[in-house]
Amino acid sequence: MQSSVKFGGFLRAIALGAGAVFAASAAQADGGQTVITAARYVDVLTGKTVEHPAIFVGADGRIASIADARTVRWGSDVKQIDLGDRTLLPGLIDMHVHLTSLAEVGGYQGLRYTDSFWTVVGVANAKKILDAGFTTVRNLGSADFGDVGLKQAIEGGHITGPRIIPAGWALGATGGHCDSGGLPPSMDRKQPSIVDSPEEARAKVRWLHKYGARAIKICATGGVFSLGDSVGAQQLTFDEMKAIADEAHMLGLKVAAHAHGDDGIKTAIRAGIDTIEHCSLASDEAIRLAVEHKTWFDMDIYNDDYILATGTANGTEQESLDKEKAIGLAQRQTFQRAVKAGVRMIFGTDAGVYPHGDNGKQFAKMVEWGMTPLQAIRAATVNGAEALGMTGDVGAIAVGRYADIIAVDGDPLTDVTRLEHVAAVVKGGTLVKSE
């Protein structure tokens, strides 16, 4: 099957008969320019598959109406994107990526490159992620506001990539996961991201917001790739986390907490953090707190395979591999318990720890460890939109939201691995990839 595109001007759509899913009204039709058709689409809001959609897109890139392609007609001056015998889904949302990182360059190997190299790499990574079907990403950690620059370049039409919610620098304590380690004291300098009191924490949130951060990330515990710390040890106090959460929320920003260890997870939830990343060693008490506080869990349960398979080949230190071996299986078991307990789950991969573009491989792991295919898809669509506070913009094929749409062969509700091979991507009503 090949996609066909028919060009024209303004939409003329008339619903013919009762078979239309939604009638395309004249008012909606007047502002439209494009219609997207395919064999079917997944309505993630209801969990149902809708046959023969005709999705009308206005000049603003948002969905104006949805009709039954068998009972609606449009004029020759309408641009048609026909995706044939395929299944449409909303553009996917990855809530945890690092666009300015490379999995292939780890550990001390990164010191071989100049600072600006990483932002340039981000240009290529942004296109890879978009081509993989992820039309919206939250970038959780980027030095020198590289993710803000990528967002501005994409929105200005200078490069191709997804919608980016940038966090800029990730905030953490001196010597913690967000502080560059592994160097001698003679080379020490305080990172712009370091906070060691509630007052410093508040000031840094304001500084990040000033220069373009639209989300805040904190490092509540140690990590796999930070040298010299314990992966589960808490590194920020309750007062520091609470100050960050309060300040961010006042500014209209959501907060994500990197947290592997149980104490850090529970403290972050109690402090009002919106999403907990990784969640590897969460206890039953932490899971109960997450349900009670309606806190989102964002668990990257695919990349363990890549980290352990590549070993030290990419420059990863043995210390980091040992940490990953200690928590990889535990994280997947925690994911299983959290799903069963009803924790609100979103889809985040930590792309950059493994190669960008392979994001879709996590769906199969989520199903393997307790989710249905629909639950996994919702985590990467409607749930992600809700966690971002963007339910009016992304996360579903619905009137008023951006026409961010992907096409896959087959039925992802019965075989979620279909999402590993996205055949077409539409962003804002524009076809950006087609096979």
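The torsion about the S-S bond of Cys178 and Cys219 is about 45 degrees, so this disulfide is right-handed. The sulfurs sit 1.7 Å apart, and a disulfide here is a pair of cysteine sulfur atoms within 2.5 Å. The structure holds 1 disulfide. Its two ends are 41 residues apart and link distant parts of the chain: Cys178 is in the loop between β13 (163-166) and α4 (198-210), and Cys219 is in strand β14 (residues 215-219). Helices (H or I, at least four residues) and strands (E, at least two) are DSSP runs, numbered from the N terminus.

The model is predicted: local features need pLDDT of at least 70, side-chain atom pairs count only at pLDDT 80 or more, and totals for chains, interfaces and linings use all residues. Residues are numbered from 1 along each chain as its sequence is written, and side-chain values use heavy atoms, with hydrogens and water left out.

Cys178 and Cys219 are buried; buried means under 20% relative accessible area, exposed over 50%, and partly exposed in between, with a 1.4 Å probe and protein chains only. What about Cys279, buried or exposed? Cys279 counts as buried, because its relative accessibility is 0%. Its sulfur is 14 Å from the closest cysteine sulfur, that of Cys219, so the distance is too far for a bond.

Next, backbone torsions. Most residues other than glycine have a negative phi. Phe145 is not a glycine, yet has a positive phi of about 55 degrees. Phe145 lies in the loop between β12 (134-139) and α3 (146-155) and is buried, at 15% relative accessible area. Lys294, also not a glycine, has a positive phi of about 55 degrees. Lys294 is in the loop between α7 (284-293) and β17 (296-298), and counts as exposed at 56% relative accessibility.

In helix α8 itself (residues 303-310), the buried residues are Asn303, Asp304, Tyr306 and Ile307. Seen down the helix axis, they fall within an arc of 165 degrees, so they line one face of α8; the arc is that of the directions from the axis to the C-beta atoms. Their cover includes α9 (318-341), where contact means heavy atoms within 4.5 Å.

Last, the lining of the second largest pocket. By class, that lining has 5 nonpolar, 6 polar and 3 charged residues. Ala, Val, Leu, Ile, Met, Phe, Trp, Tyr, Cys and Pro count as nonpolar, Asp, Glu, Lys and Arg as charged, and the others, Gly among them, as polar.
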